[in-house]
Amino acid sequence: MTDTLRIGGGHVLRPDMSVEEADVLVDRVSGEILEVGDVPGGDATLDASGGLVMPGLVNAHTHTAMTLLRGYADDKPLETWLREDIWPAEGELTPEDVRAGTDLALLEMIESGTTGFADMYFHMPEVVDAVDEAGLRARIGHGVVTVGKDEDEARADNEESLEVAREYDGAAEGRVSTAYTPHSLTTVGEEFLVEFTEEARDEGIPLHFHANETEDEVDPILAQEDQRPLAYADDLGMLTDEDWVAHGVHVDDTEIDLLAERGTAVVHCPASNMKLASGAAPVQDLLDAGVTVGLGTDGAASNNDLDMFDEMRDAAMLGKLSTGDASAVPAEAVVEMATAGSADALGFDAGRIEEGRKADLAVVDFETARLTPVHDYVSHLAYAASGADVRHTVCDGQVLMRDGEVQTLDAEAVRERAADHAERVTERAG
Ligand SMILES: N[C@@H](CCSC[C@H]1O[C@@H](n2cnc3c(=O)[nH]cnc32)[C@H](O)[C@@H]1O)C(=O)O
Ligand SMILES: [Zn+2]
């Protein structure tokens, strides 16, 4: 028996960034794209007329429940921001809070055409349940910090990260996959990085961590180890083609070559890097070297939204401003980063509209003032569109949003619950 969904009457963005008039036929049982072209029929339909069917956006580095702390503390650099505001508030987060914040994040993602993401946070069973119900695709990990913890606590945090990775890989009918997620090279002790990376490798669990985000993260490693952070990470066995690092702002040429050689992906987070004044990642150099580059918003508290259209524009703008070269990080590059690049970084068989790929899709409505006229669809995705222009969102062949109405979550209830939890968290954090 076939059970198909036809997304018809519009234009389609192909993997080579060309755009053609076509329909997309999806198998709702396998969740895969069956055909792209002039396709009649379909058991169900989504109207794409006046719109562009594009791969669903993939937010390859975020901390989902940080939506509760959106606007809670702004205008500070990373270290101060984490230590003075964020970590004390996160210390108050209960599993119920994380669930409420995650639901809010997933709602925002679905509304803005994001179909997949990587999360590094805690109380991960709640995140898995939320993803299961909302219908997105995610690679999740329990974030580990060992600085300021005694040996037993530090060990337990690492054990929990591996335990979560083992238990939830393949959850939500395969839409959830996992990673071991040490926070960074300076917030997790070397002995733990060595021991638990080795365990993760033995079990085929990839790594996701923050790297070279600020100078403050690079200098202590240079001083203590007399080597660059990524050379240090490589010595600890932390760079393989299954892994990805967030940020990669302060990487030198030797580190760029190392990333290319190892096949480790970098997830660029331009808004967070600008807001925390961390710096500008050498994105064009990374791309030129053949490094897989994905795109992420980072947590909502350092962005302050999860709109990947904003992120594409920020990536392009920052890429040009920081190099003084208007041709750097062009429109096609940021659209590719937010789709195929991010999907590749996370190991999702998505990010490209072609037969056999996962049907993770967004339909952008081009019949709006800000997207008129259409000289170039890809240009509009990078420079003019916003998450608010998304009409339908589909993940794994299921319709998560139809005509702007989210199908899998009660938008109003999610917003109210999140606002309520956020208020109570900030009261407790004082
Ligand atoms: N189990 C850890 C939590 C680690 S989750 C990942 C952490 O990354 C933090 N985070 C968010 N954005 C950034 C960033 O840009 N750089 C580094 N850390 C961040 C976030 O607030 C969260 O605490 C603990 O006990 O503290
Ligand atoms: Zn982060």
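A polar contact is here a pair of N or O atoms within 3.5 Å; within protein, one must be able to donate a hydrogen and the other to accept it, and residues adjacent in sequence count only if both atoms are side-chain atoms. The structure is a predicted model, in which local features need pLDDT of at least 70 and side-chain atom pairs count only at pLDDT 80 or more, while totals for chains, interfaces and linings use all residues. Residues are numbered from 1 along each chain as its sequence is written, chains are lettered from A and ligands numbered from 1 in the order in which they are written, and side-chain values use heavy atoms, with hydrogens and water left out.

Around ligand 1 there are 20 residues, of which E90, G143, H183, E213 and D298 are the closest; a residue counts as near when one of its heavy atoms lies within 4 Å.

| Side chain | Atom of ligand 1 | Distance |
|---|---|---|
| W87 | oxygen | 3.0 Å |
| K149 | oxygen | 3.1 Å |
| E213 | nitrogen | 2.6 Å |

Taken alone, ligand 1 exposes 560 Å², and the protein buries 92% of that, with accessible areas taken from the Shrake-Rupley method with a 1.4 Å probe.

Helices (H or I, at least four residues) and strands (E, at least two) are DSSP runs, numbered from the N terminus. The axes of helix α2 (residues 95-111) and helix α3 (residues 124-134) come within 9 Å of each other and cross at roughly 35°, where axes are lines fitted to C-alpha atoms over the stretch in contact and angles run from 0 to 180 degrees between N-to-C directions.

A cis peptide bond joins N303 and N304, with omega about 10°, and N304 lies in the loop between β14 (293-295) and α11 (308-323). Another cis peptide bond, with omega about -5°, joins T372 and P373.
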